Amino acid sequence: MITERIAKLEKLAADRGRNMPWSHFDVDHHDAANNKFASCPQWEKTARAMAYAIENMDVFAYDDDRIGGRIYHKDLKVENPCPALNHVTEAANAFKEKYPEAPELMANQLIGGMAKGHITWFFDRLLSLGTTGFKARYEEALQTAKDEKAEEFYKGVLILLDALQAFNDKHIEAYEKLGNHELAERMKKVPRYPCETFEEAVQAFFMQHIVVMRENPYGGNGPGRLDYYLWPYLERDLKKGICTLEKAKEIIDELFLRIDERIYGRDMWVEAIVVGGTYPNGCSAVNPLTYIMIQSIIDLDITHPSVYVRLPENPPDDLVKLCATYMMSGRNRAQILYDPPVLKALVKRGTPYRDAVEYACGGCMEVGIQGMTSDFLYIGWQNTPKMLELMITGGICLRTGKKINAFKADKGLAAYSDFESFYKDFISECDRITKIYLEEQDFYSELSERNRPSYLISSMIDDCLERGRNMHGGGVKYHDYGGTHLGMPNVCDGLFAIKTAVFDKKICTAGEMVEAMKANFVGYERLQAKLRAIPKYGMDNEEADALAARVMGDFCDMYLTFHTRWGGRGKPVVLTFVYAPRAASILGATPDGRPLDSMVSQGVTPQSCAMTEGITAAINSCSKIPFEKFAGGASTMWDFDSSWASEELVEAVIRTFMEKQGQIFQGNTTPIEELIEAQKNPDEHRNLIVRVGGYSARFVGLDKKLQDDIINRIRHSC
């Protein structure tokens, strides 16, 4: 439950979020780079222009605040963007020069994305040292810098730390004028000096968080393990008797409202808080703040932050029960990660266990190591169902009838006498296209090093201080690139249908299958029925599941065998996000009998049409895929029939999912009838939140095709 004060703040925060003022931050940033600091060297220009924009942000203070600081992400258009701050166009042009086929691959949506962000950082170091102690570290490093680049990096960090402190200090006078002397005194102390109390730690956290989010304004950077790093401060306060769990809950409620207010209405923006988890010694890291933060997001009518639960091995029973409550009562915002299979995948990938236990999601569901991963952790997607279509047709798009020359494996299904040869060429072509896309990120990273050095966030990422480099200049410990192969379950079912119908049981010839797909199965209804009857991944069928495991393992290897410009690795980060309608809109009929406009699956969840044997069979199938290869996370979507689901049943399903070593669990519980009614009368359902796939959003703000996808997904029942 929330207090009367929080209920009042919730309404005020929503009103302020709906009516947020325009921000001149971007205009100030580019104007400073174009004019005020135009003559400075590049490193200094980027640092001082960013610092100038931060220091000149407006102050928004109210007498009822107990947490100081506000910014709004509603930016005025920049009329004269500074070329020195741009990295996108230059990188894209360089990439197209190396790979002339890239524009065609993108135009036909075989590859796409580029979603910077999705990282976390060690904000706790600023809490324990204060800006004063943090600056001392970088000033000391500057005295012994190994080269000129290191000097530039350290100086850039110091400039941004001063800007952070200056923006904080602008609030002190404002709160004193409002008579809020308690908060003014707190902001005089933190973040300048080390935090001693829980309230100080929350204040210092929030100030650095909003400033970092202005420096790196991408929908996906998040606090990560907030309960883990704030708990020591609350634990001390509880022992001293200067705070209670009830007061801590009210502080967290206000913090969550403030995060939501800043980006109100931007549902595709995701800032994730990951609670629970594991200590480096393997013990559970669950603490009272874990429960408080889950309860806060259940109680509050907001979309941000996303609160995800890490269940350690042998989790407390009451935490599993709370997760079930969260699934049923949390407005479809729950996401649950199970530590043992996630940690296994990270360690197998080469991450030391001590680092692996620090994993968190910065945004949707991507698994990164807190404070050790670059902001290219999730950078896009490859459209694998479309690639299979082109493999079957010889490069001809079933939607347009045009040849896609950038797809090189163009012999067509009829040219193959056995499945293994077909499969080998398909995997080889998918690998070629995936590697092209991953290599593109090297171009963006190289330009980011110079034009987007991100000094402040880099200062809180390992090993930037030791190496004297920003996160894209070789400073970050794990310079990984992550992305997803969309629709892998669709591809698994399509390949098994080809193997069974064309090569094993001779149900049809390759030519007949191609012609049926071209006709969208009109006139081929008998063949379509036979294809639909072939077992699928999700039915707990050994053969279908074995091929699915092989396919998904091979797709993971496409990422895992790639090395980035600074020695990082590719990481499979598997979710579907909002891309199901987009992928479906360009996909023809599929070899498993699915007609045009059928949606692609969510993450590694079996297709809805394949989950005919119940949720237990579907989870059994899912458990057979090689989760140890999904080092960036593999999400699953389990939507429930609300007339069947109860907290007890959902708890049992979660426990089954853990027993089968699944990684990431999410889903919806809203009745389909309510979703349909919301489509018809959106004004009456403004606060209806749904789990889209890796993130949650207000239903009425989604594209209708995406709404239809959510409505038409299978709802599991008895």
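These legends walk you through several close-up views of a predicted model. Residues are numbered from 1 along each chain as its sequence is written, and side-chain values use heavy atoms, with hydrogens and water left out. Because this is a predicted model, local features need pLDDT of at least 70 and side-chain atom pairs count only at pLDDT 80 or more, while totals for chains, interfaces and linings use all residues.

View 1. Helices (H or I, at least four residues) and strands (E, at least two) are DSSP runs, numbered from the N terminus.

**View 2. S3 pairs with strand S2 and with strand S4.** Two strands pair if DSSP finds at least two bridges between them. S2 (residues 272–276) and S3 are parallel and share five bridges. Look for valine 274, whose bridge partner in S3 is tyrosine 308. From S2, the chain passes through helix H12 (residues 288–299) to S3 in a right-handed β-α-β crossover. Right-handed means that, with the strands pointing away from the viewer, the path from the first strand over the helix to the second runs clockwise. S3 also pairs in the parallel sense with S4 (residues 335–338), over four bridges. Tyrosine 308 stands opposite glutamine 335 in S4.

**View 3. Strand S7 joins S1 and S8.** In S7 (residues 380–383), Gly380 and Gln382 point one way and Trp381 and Asn383 the other, and all are buried. S1 (residues 111–113) runs antiparallel to S7, with three bridges, and glycine 113 stands opposite glycine 380. S8 (residues 481–486) runs parallel to S7, also with three bridges; find glutamine 382 opposite histidine 485 there.

**View 4. Helix H16 is largely enclosed.** In H16 (residues 384–393), 10 of the 10 residues are buried, so the helix is largely enclosed by the rest of the structure. Among them are Lys386, Glu389 and Ile392. Just after H16, glycine 394 takes a positive phi of about 80°.

Technical notes
Buried means under 20% relative accessible area, exposed over 50%, partly exposed in between (1.4 Å probe, protein chains only).
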